[in-house]
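Hi,

Here is the structure I promised to pass on.

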Amino acid sequence: MTMMKVLKGSVAALALSASVASAADVEVLHWWTSGGEAAALNVLKEDLQGKGIGWVDMPVAGGGGEAAMTALRARVTASDAPTAVQMLGFDIQDWAAEGALGNLNEVAAAEGWDAVVPAALQAFAKYDGNWISAPVNVHSTNWVWINKAALDAAGGKAPTSWEELVAVLDAMKANGITPLGHGGQAWQDATVFDAVVLSLGGDFYKASMIDLDAGALGGAQMAEAFNRLIKLSSYVDANFSGRDWNLASAMVINGEAGMQMMGDWAKGEFLKAGKAPGADFVCIRFPGTQGSVTFNSDQFAMFGVNSDDKRAAQAQMASSVMNPGFQSAFNVVKGSVPARTDVPNDAFDDCGKKGMADLAEANSAGNLYGSMAHGHAAPAAVKNAVYDVVTAAFNGQYADGAAAAAALASAVAAAK
Ligand code: BGC
């Protein structure tokens, strides 16, 4: 064979393999960039690679996904949408309403998704009766993650009421640690606020955060919620502003801080650091919220694509994401719980088992509510209005809770 022929042959082979690879690729936009999140993402990447689906990574750092959603808008505006996008609640519905999403009905019907995905998730995963996204998990925001040694030093009893919570935080302060590990970013402040509002009652959470009732948003209970949030803000350290959530988790992991109020993605950080529930850390529902859950579900929304190969890769990805074995393996690492009701809890640790039981209980009792902080209570415009007021309150910009509640009612009214 002449040199020229060899060269031609290998160029052709290269071109072929490149085109084959790209046809079966999925480009995935996501915000899973912390240690625990990346470990969970690897479970997904490896699963897909094992099935011959290539992974083109588009990570956009920033908890809660605000930055990722800004990057997505830019890509779609440039007519260059990624094939699959990690997305939350109302954002999925908004993109569907714009006609940007593909259709997963075929794989959903073949695999019987209707029967196994909870209705609360289907409300976001379907648009006009059509499946438009594949839910990979259910997270919830009303959790507290406590360093076990710090809790023992503070009396050893996990708090179950607001008064007990304040007593434990005070004891941790007296013991010379930062009571509350927290990052001052709007979405993190709002995550704490989800739990504080829920602790004043499920009906109140629903009236204010989901129904956006003006009386509930601006009334006495909301004033109390803000007074509690302002009280909590007194337990953070001086450097909290702008800190990423996983660094706040690290403070609890290494004992610098006593506890973090955060969704169960925080558990992924504890596990990644080799910590075990019960021995090294304790997971509780935010005091006063046991029995109720504020949830968010990460879903992969599939954008419209123009080739059969790409559509097939999307369907394969959706099928992989919905596989019961995968849902177990992934969520064990991620800290979340499965997005289908038929996955056994055997592989989950105690916090995961509790998460699954709490979710089922809240769901059957009618105490399951979408998280405002994570896009499952109201569309982005309202969510952002809530973020602004909550963050201002956390940073001491209102005279008291009543002033913050009044500001919240008018901000939400303007954003609706
Ligand atoms: C997502 C989680 C993620 C967290 C922090 C939430 O909105 O649902 O999957 O781990 O943000 O990045």
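Predicted model: local features only at pLDDT ≥ 70, side-chain atom pairs only at ≥ 80, totals over all residues.

Residues are numbered from 1 along each chain as its sequence is written, and side-chain values use heavy atoms, with hydrogens and water left out.

Helices α2 (residues 35-50) and α16 (residues 308-322) pack at about 125°, their axes 10 Å apart. Helices here are DSSP runs (H or I, at least four residues) and strands likewise (E, at least two), numbered from the N terminus. Leu44, Asp47 and Leu48 of α2 meet Met317, Ser320 and Val321 of α16, where contact means heavy atoms within 4.5 Å.

Next comes α17 (residues 324-334), in which Phe326, Gln327, Ser328, Phe330, Asn331 and Lys334 are buried (under 20% relative accessible area; exposed is over 50%, partly exposed in between, with a 1.4 Å probe and protein chains only). Their cover includes α2 and α16. At the N-terminal end, Asn323 caps α17, with a side-chain oxygen 2.8 Å from the backbone nitrogen of Gly325. Just after α17, Gly335 has a positive phi of about 100°.

Asp128 sits in the loop between β4 and β5 and is exposed, at 70%. Leu212 lies in the loop between α11 and α12 and is buried, at 11%.

Cheers

Conventions:
Axes fitted to C-alpha atoms, helices over the stretch in contact; angles between N-to-C directions. Polar contact = N/O pair within 3.5 Å; in protein donor to acceptor, adjacent residues only side chain to side chain.
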